[in-house]
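I wanted to look at its sheet, its helices and its rings.

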Amino acid sequence: MKQELPMSIVGGFVDDDRDVYMIEGKDTIIDIIRMQQKADLWQTLSVDLVDCGPGSREGDNYMSVIKRVVAHCKAKSLDGRNHVFKISLIFKRQITNPNRRLLFRCDAAFENEINAYASIIPILQRISPYDLPYPKCLTAGSDEYGDRIVLEDLTTSGFAMVDRRIGLSFDHCMAVMKELAKLHAVSLALKHEQPREFADLCSKVREIVYCPEATDFYTHSLESSFRGALESLRYSNSKGDLDGPIRAVEGLTGRLYRIMRGLVCNGFDEGWRVICHGDTWVNNLMFSADCQQVRLIDLQTMRCTTPVLDILHLLYTSTERNMRQQHVTDLLLQYRRTLLDALQEHFVTFHDSATSASLMRHFADQFSYQRLRAEYDRCLPYGMGIAMWLLPAVTFNPDQIPDLDAVTINDFKTKKHDKRIAQMVSVNYHTRMRDIVLEMYEQGVLQRLQTEFI
């Protein structure tokens with residue numbers, strides 16, 4: 001009798017052949033299977049063969065090693081019947097290059113993700129009346145080989161990534177808006193019902209990008225991308241229509257990281273503080289074939305901040321200008337509708353109808369479209385900054401991936417990295433950067449930054 005057990009994700013950039021094909025031990029696979037099954041399901045269980053390969057396409061992730069592990073198993077159930085089956089799991093492990101791990105703060109990122117899967121998500125899921133949009137985590141912690149996260153393989157359930165070089169469609173974005181709203185609603189409900197537990201949970205969420213220990217590296221990294229964006233704008237300015245935007249962008253030299261840090265960490269209404277995904281770009285999303293369902297993956301930069309940053313992160317790294325121009329209002333309205341519907345699901349289980357209705361009036365006012373749009377507009381500089389930072393990685397040709405093992409912080413300081421990246425960026429990068437800066441200029445964002453965030 002053959003039985004398929006789809007334990008089923010996620011994308012990653014594989015470091016080198018040694019990492020890709022390092023076989024996960026049969027005993028490890030058996031332990032994981034037993035953790036997921038009833039203790040008395042099998043009399044005996046063995047693994048005959050383990051196939052280990054890359055978890056996704058090159059260039060889809062730079063911070064860890066992602067492997068798809070397919071195990072061919074045999075078992076005997078208590079009734080004496082024999083079973084043959086296979087399972088597909090995603091193993092996430094640390095990259096092996098110690099210099100790269102130190103420079104890119106990979107250890108802090110991996111620790112943050114382990115904490116998210118082991119401590120944060122279980123608490124949120126426990127109080128949520130609906131499933132949160134994450135892959136099932138089978139285990140997160142360490143073994144004899146170091147840190148590891150083992151996840152279901154979402155591809156066995158029909159989920160797939162969108163090509164990062166192609167902007168997300170309106171349908172894709174609508175699906176993400178709905179899941180982000182439901183995710184953020186859990187924080188708001190917990191904060192209202194159990195404020196101390198919410199505060200304790202937030203204290204466990206570690207900011208790893210906009211924090212003192214990361215400031216030196218990420219300032220230089222962002223400034224390198226910022227210089228590349230300026231060079232791209234000058235390249236695209238053959239008609240002189242970018243003269244004004246270029247001058248405005250030049251005025252942000254040396255300031256962008258500080259501006260983004262302020263938007264992430266300060267200045268927003270505490271009533272809006274939620275636990276955010278933190279890195280909602282196209283490669284951290286997997287969609288069902290009909291685009292109705294989405295899973296959020298890669299939780300290394302989970303943070304507590306204003307929810308609109310997850311929305312801006314998505315739209316300015318992963319969509320084209322036409323999509324934003326035509327549909328931002330629709331997307332924000334859908335986000336608000338889903339947020340309120342999700343909060344309603346929470347409150348009807350805890351309160352009588354009158355109290356629930358009173359709470360819903362409060363949140364409907366707090367998250368009115370006008371206030372949501374005002375918060376979105378206030379944080380637009382974050383959208384521009386994250387686009388400047390990530391668009392090179394979003395638009396790289398898979399055949400021209402930079403060798404991050406060879407990068408040092410001096411490369412950012414001496415502009416060596418700038419030249420290397422400039423030779424690799426695509427026409428699409430130039431188009432998207434031009435569109436974003438023009439958009440920011442036309443909306444007055446760049447002009448506002450000349451006087452704000454000084």
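My entries on this structure follow.

**Ground rules.** I worked on a predicted model, where local features need pLDDT of at least 70, side-chain atom pairs count only at pLDDT 80 or more, and totals for chains, interfaces and linings use all residues. Residues are numbered from 1 along each chain as its sequence is written, and side-chain values use heavy atoms, with hydrogens and water left out.

**Sheet.** I looked up the strands first. Helices (H or I, at least four residues) and strands (E, at least two) are DSSP runs, numbered from the N terminus. Two strands pair if DSSP finds at least two bridges between them. I found an open sheet of five strands, in the order E1-E2-E3-E5-E4, with antiparallel pairing. Its edge strands are E1 (42-54) and E4 (137-143), and each pairs on one side only. From one strand to the next, the twist averages 25°.

**Bridges.** I then checked who pairs with whom. E1 and E2 (residues 65-77) are joined by 11 bridges. There, threonine 44 has lysine 76 in E2 as its bridge partner. E3 and E5 pair over five bridges, and isoleucine 90 partners leucine 151 in E5. E4 and E5 are joined by six bridges. Cysteine 137 also stands opposite leucine 151. E4 and E5 make a hairpin with two residues between them.

**Burial.** Is E5 largely enclosed or open? Five of its seven residues are buried, so E5 is largely enclosed by the rest of the structure. Buried means under 20% relative accessible area, exposed over 50%, and partly exposed in between (1.4 Å probe, protein chains only). Helix H10 (residues 308-318) is mostly covered, with 11 of its 11 residues buried. Among them are Val308, His313 and Ser318.

**Rings.** I counted seven aromatic pairs. Rings of Phe, Tyr and Trp (its six-membered ring) pair if their centres lie within 6.5 Å; planes under 30 degrees apart are stacked, over 60 edge-to-face, and the rest tilted. Phenylalanine 217 and tyrosine 218 form a tilted pair, 5.0 Å centre to centre, with 55° between the planes. Phenylalanine 217 is buried at 8% relative accessibility, and tyrosine 218 is buried at 11%.

**Charge.** Last, I looked at lysine 182. Its charged end sits over the ring of tyrosine 130, 5.2 Å from the ring's centre. The rule is NZ of Lys or CZ of Arg within 6 Å of the ring centre and within 35 degrees of the ring normal.

Key. Axes fitted to C-alpha atoms, helices over the stretch in contact; angles between N-to-C directions.
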